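Hi everyone, thanks for coming. Let's take a few minutes to look at a structure together, starting with its sheet and then moving on to some helices.

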Amino acid sequence: MQLPSLSDLLGDALPALLTACRRHTGLLTRIERVHGGNVSHVFRVRGEHTSVILKIRTDRFARMPLSTDPALIDDERRTLEVYGGIAPSVFPQVLGFHASAHAMILADVFPDGRSYHEHLAERPATAEEMSRLGGTLRRVHHATRDTDTAFRSHSDQWFREHSFVFCLRAPGHAVLTQACEELAALPHHQLVLGDVAPKNLSLAGGAVAFCDLDNAHRGWPLFDVAYFLAHLLIHHLGQDGHVRTLVPALLTAYFGAGPEERLSSSDELLMAKIVAGVALYRLDQTVPYALPRPAALTDRFRDRILHFLGNGTFTVQDLVRAAGDPAQTAI
């Protein structure tokens with residue numbers, strides 16, 4: 001798929017935006033496209049002092065044949081300002097905004113210029129990384145628990161449903177539709193990030209940073225945990241030794257104790273449904289996502305998830321065992 005150039009995207013606004021970037025970077029040395037996002041066009045602008053991120057939204061998704069409202073980038077700007085005010089070391093600072101070009105300049109919070117997804121393509125996660133991520137996500141959720149700032153053009157109810165069309169309703173399974181209804185019926189909602197995927201975070205340099213808050217909304221905090229957990233399983237299929245270490249490290253850090261001590265039985269079952277739904281969403285390529293190889297592993301895991309969905313209740317640990325089963329390595 002041929003993507004438009006920076007000049008194609010910005011037209012007459014390009015000189016002003018590059019000038020704005022130079023105020024932070026110094027003399028420009030390189031501009032490169034950042035791959036992984038499906039909605040906006042993202043570029044890393046490097047200079048003699050530092051780098052910044054230039055994010056542009058058009059009336060079409062960047063990597064999907066769908067129309068969208070480019071003005072929604074202002075929703076993300078407001079979202080980043082809310083989160084940046086609460087946890088400035090974890091989220092990118094908004095350095096500039098060009099409303100007519102639907103473009104935003106952000107601080108580059110990936111110290112090595114790489115997403116965690118890129119690291120997972122080369123090596124397994126570590127328990128220390130999962131502990132760091134779980135603890136940070138817990139602190140972010142705690143800090144935003146009572147935040148009532150409005151930043152969405154649409155209602156949170158509309159936005160939750162819009163998001164679930166992709167990640168939970170797309171497989172068309174009755175159990176996942178039920179999970180959407182359970183999430184909507186929960187009595188208390190708070191800010192959640194909505195897209196805690198490896199491509200949207202960095203764990204480099206001993207820190208944690210999140211980007212791409214296009215899907216932030218008011219919902220169930222454990223949705224963020226389950227969303228990332230689905231990706232963690234997908235990236236470690238057949239690696240039983242890793243899975244059995246990484247998942248407890250993430251969950252224990254988030255809950256502050258073993259999750260079995262903190263989750264009600266209904267929460268545990270709902271969380272398992274979300275993990276299963278998000279995993280199918282990725283495995284079915286509902287939106288483009290670079291999956292690990294070999295394909296036989298992802299196909300087997302998909303079949304096992306469908307088996308769980310068709311045969312009554314199941315738990316997160318059932319999914320962990322299905323993903324890490326070392327027998328998959330012999331397929």
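Before the sheet itself, one definition: two strands count as paired if DSSP finds at least two bridges between them. Please also keep in mind that what you see is a predicted model.

So, in what order do the strands of the open sheet come? There are five of them, and the order is β1-β2-β3-β5-β4, with antiparallel pairing. At the edges sit β1, residues 28–33, and β4, residues 94–98, and each of these pairs on one side only. On average, neighbouring strands in this sheet are turned by 20° against each other, if we ignore direction.

Let's zoom in on one pair. Strand β3, residues 51–56, and strand β5, residues 103–107, run antiparallel and are joined by five bridges. If you'd like one to find on your screen, look for K55, whose bridge partner in β5 is M104.

Now, which helix lies across these strands? That is α2, residues 14–25, which lies across β1, β2, β3, β4 and β5 and runs at about 155° to β3.

Let's finish with a pair of helices. We describe two packed helices by the angle between their axes and the distance between the axes. For α9, residues 240–255, and α12, residues 316–324, the angle is about 150° and the axes are 8 Å apart. Angles over 145 degrees count as roughly antiparallel, and therefore α9 and α12 are roughly antiparallel to each other. The crossing of α9 past α12 is right-handed. Who makes the contact? From α9 we have D240, V243, R244 and V247, and from α12 we have V320, R321 and G324. Those contact residues split into three nonpolar, three charged and one polar.

Conventions:
Residues are numbered from 1 along each chain as its sequence is written. This is a predicted model: local features need pLDDT of at least 70, side-chain atom pairs count only at pLDDT 80 or more; totals for chains, interfaces and linings use all residues. Side-chain values use heavy atoms; hydrogens and water are left out. Axes are lines fitted to C-alpha atoms, for helices over the stretch in contact, and angles run from 0 to 180 degrees between N-to-C directions. Helices (H or I, at least four residues) and strands (E, at least two) are DSSP runs, numbered from the N terminus. Angles under 35 degrees count as roughly parallel, over 145 as roughly antiparallel, 65 to 115 as roughly perpendicular and the rest as oblique. A crossing is left-handed if the near helix is turned anticlockwise from the far one by less than a right angle, and right-handed if clockwise. Contact means heavy atoms within 4.5 Å. Ala, Val, Leu, Ile, Met, Phe, Trp, Tyr, Cys and Pro count as nonpolar, Asp, Glu, Lys and Arg as charged, and the others, Gly among them, as polar.
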